[in-house]
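Hi,

Here is the structure I promised to pass on. Please open it first, then read my notes below.

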Amino acid sequence: MTTDVHKQDSMSTPTLAPHQDAPTGHRAEGRVGGGLFDPKQLVTSLPDAFRKLDPRVMIKSPVMFVVLVGSVLTTVFSFKDPGDWFGWTISAWLWLTVLFANLAEAVAEGRGKAQADTLRKAKTDTVARKVDGTVVAGTELRIGDLVVCEAGDIIPGDGDVVEGVASVDESAITGESAPVIRESGGDRSAVTGGTKVLSDRIVVRITTKPGETFIDRMINLVEGAARQKTPNEIALNILLASLTIVFLLAVATLPPFADYAGTHLTMVVLVALLVCLIPTTIGALLSAIGIAGMDRLVQRNVLAMSGRAVEAAGDVSTLLLDKTGTITLGNRQAAELVPVSGTTEAEVADAAQLSSLADETPEGRSIVVLAKEKYGLRERHQGELVGAEWIAFTAQTRMSGVDVDGRRVRKGAAGSVVTWVEERGGRVADDADSLADKISEAGGTPLLVAVEDAKGARVLGVIHLKDVVKDGMRERFDELRRMGIKTVMITGDNPLTAKAIAEEAGVDDFLAEATPEDKMALIKREQAGGKLVAMTGDGTNDAPALAQADVGVAMNTGTSAAKEAGNMVDLDSN
């Protein structure tokens, strides 16, 4: 299952933030917990249950509307005959049935509203600074506007980064406190209104109108305002209404037969019989089940854009997964330090660690960790290097480093480091290019480490960055296999790299060097065989496949195009 086109995943661009211990991701406060019998939620939802007794609301559920009418009739006849304890018992039971149905729906809606209230806290009144320097309210932004966001700013609207790179706090959306990298180009350019820029400067092109942002849509969905009934729910409603009509007609024909037999059937008895015959339980809980299904997804940080997707997810037989950012972390991790000829591993490790102390990206942190754990270097901090001048990363230089003790140490993209060395009259080792090419051919990303000292400027070695498979992926795929779901990894890597990652992750099959057309063709072949297909992805090139799949799950870290094309969004991108 391979094509001839080779694509290499691009490395994530670092940020300007100085190095510090990586934050440990954890669930942010304020998440709404689940719980069917939460006493506080029951009490809060009780007034809503009574408000739902409005006939204009009850008519939406034909079965429960019939029960409501029956409750009113039995109550009226009980008042006419106050001594009829059977009538009062039936009336009380019917009213309790209606209230229980309304309460179940109100509780489900209530948890959604609580989640929406949490999201609303992220919708602060923001101001936006356009690239021409004018300052406007966030609500006045229009599609195509370019706004500047710097450290500490709240991003005023959904959009794509068109310039710069920054660390962004998306805990208001995902519930995870660990910041994420957002940069222009590639699959990490989408930003969400209401999130906060933690470092650096980016220029964002607005892609949505006010009131139609991702948070706005989330609020509408979890509150139920935008929830549409699923096909199965509609069909079941029609079936229940039909059965209700049939049983209503059947009960209506009983009085003449009873009179003929010399027996009198009271209205209370007829209503009680009708309620026993019609599918009251299903009718009572049907709406609540639909809302609760969407709510359970929200509790697990998955936003469903359609009920059809929720239904189809239960019958999926083939799952296609984009590799980068879905199966793998997407942030390359340092795996090895390779010295060039005439240089030792210890020299490369020392220079790599020093030049990475000012690099707060996952890649930079992983280099510091690798130097400590694999090469035995003592952990160092910026404060202990007196007189050091730290060189922060910029999108223009694509390098980071430090000038200390008469040495200049740099680490960064191969082209940038080679240029830096040559500008200082230095030389690039003959085997530096071949080592970098070897890493690239294996699907990794090479970074060069260089130094300028009394011996001149020169390249010391190459850092091998590789995409790391997320923890627990093999166990998850094993579970999917037990459920009868076939998993297929899709990647632009060459077949050898794709095969190695597929074996490590534990997927059933893989499609290497895949183009968007290849993904579409694979999905259509599976669907032609009568299978329901789910697709996960995060890139713009995944958008056609996400739209074609029966269930398209877009990663929240992905592009706007991917999230628009999918019918579910994984807010944790995991």
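Is Leu73 buried, partly exposed or exposed? Leu73 is partly exposed, because its relative accessible area is 33%. On this scale, buried means under 20% relative accessible area, exposed means over 50%, and partly exposed is in between (1.4 Å probe, protein chains only).

Some ground rules. This is a predicted model, in which local features need pLDDT of at least 70 and side-chain atom pairs count only at pLDDT 80 or more, while totals for chains, interfaces and linings use all residues. Residues are numbered from 1 along each chain as its sequence is written, and side-chain values use heavy atoms, with hydrogens and water left out.

**Surface patches**

Leu73 is found in helix α3. Helices here are DSSP runs of H or I with at least four residues, strands are runs of E with at least two, and both are numbered from the N terminus. Val69, Val72, Leu73, Val76, Phe77 and Met267 form a nonpolar patch on the surface. Together they have about 430 Å² of accessible area. Helix α3 (residues 62-80) gives the largest share of that patch, 5 residues.

A patch is built from residues with over 30% relative accessible area and no salt bridge. Like charges are joined within 9 Å, and nonpolar side chains (Val, Leu, Ile, Met, Phe, Trp, Tyr) within 5 Å. The accessible areas come from the Shrake-Rupley method with a 1.4 Å probe, and for residues only the protein chains shown count as cover.

There is also a patch of negative charge on the surface. Asp430, Asp433, Asp437 and Glu441 gather there. Asp and Glu count as negative, Lys and Arg as positive; His and the chain ends are not counted. The place of a charge is taken as CG of Asp, CD of Glu, NZ of Lys or CZ of Arg. Asp430 lies in helix α16 (residues 430-441). Asp430 counts as exposed because its relative accessibility is 78%.

The C-alpha atoms of Leu496 and Glu441 are separated by 9.1 Å, with the two residues 55 apart in sequence. Leu496 lies in helix α18 (residues 495-505). Leu496 is exposed, at 70% relative accessible area.

**Salt bridges**

How many salt bridges does a search of the whole structure find? The search finds 17. Each is a side-chain nitrogen of Lys or Arg within 4 Å of a carboxyl oxygen of Asp or Glu.

- Asp145 and Lys130 meet at 3.7 Å, N to O. The pair links distant parts of the chain, 15 residues apart: Asp145 sits in the loop between β2 (135-137) and β3 (146-150), Lys130 in strand β1 (residues 127-130). Asp145 counts as buried, at 17% relative accessibility. Lys130 is partly exposed, at 22%.
- Arg424 and Glu452 meet at 3.4 Å, N to O. Arg424 lies in the loop between α15 (414-423) and α16 and Glu452 in strand β14 (residues 445-453), so this bridge ties together parts that are 28 residues apart in sequence. Arg424 is partly exposed, with a relative accessible area of 32%.
- Glu526 and Lys531 meet at 3.6 Å, N to O. Glu526 is buried at 11% relative accessible area, whereas Lys531 is partly exposed at 36%.

Salt bridges link Arg129, Glu150, Glu163 and Arg201.

**Cysteines**

The structure holds 0 disulfides. A disulfide would be a pair of cysteine sulfur atoms within 2.5 Å. Cys149 is buried, with a relative accessible area of 2%. Cys276 counts as exposed, at 65% relative accessibility.

**Other spots**

Val148 lies in strand β3. Val148 is buried, with 5% relative accessible area. The C-alpha atoms of Val148 and Val203 are separated by 4.6 Å, although the residues are 55 apart along the chain.

Asp405 has a phi near 55 degrees, a positive value in a residue other than glycine. Most residues other than glycine have a negative phi. Asp405 is found in the loop between β12 (399-404) and β13 (407-413). Asp405 counts as exposed, at 71% relative accessibility.

Best wishes
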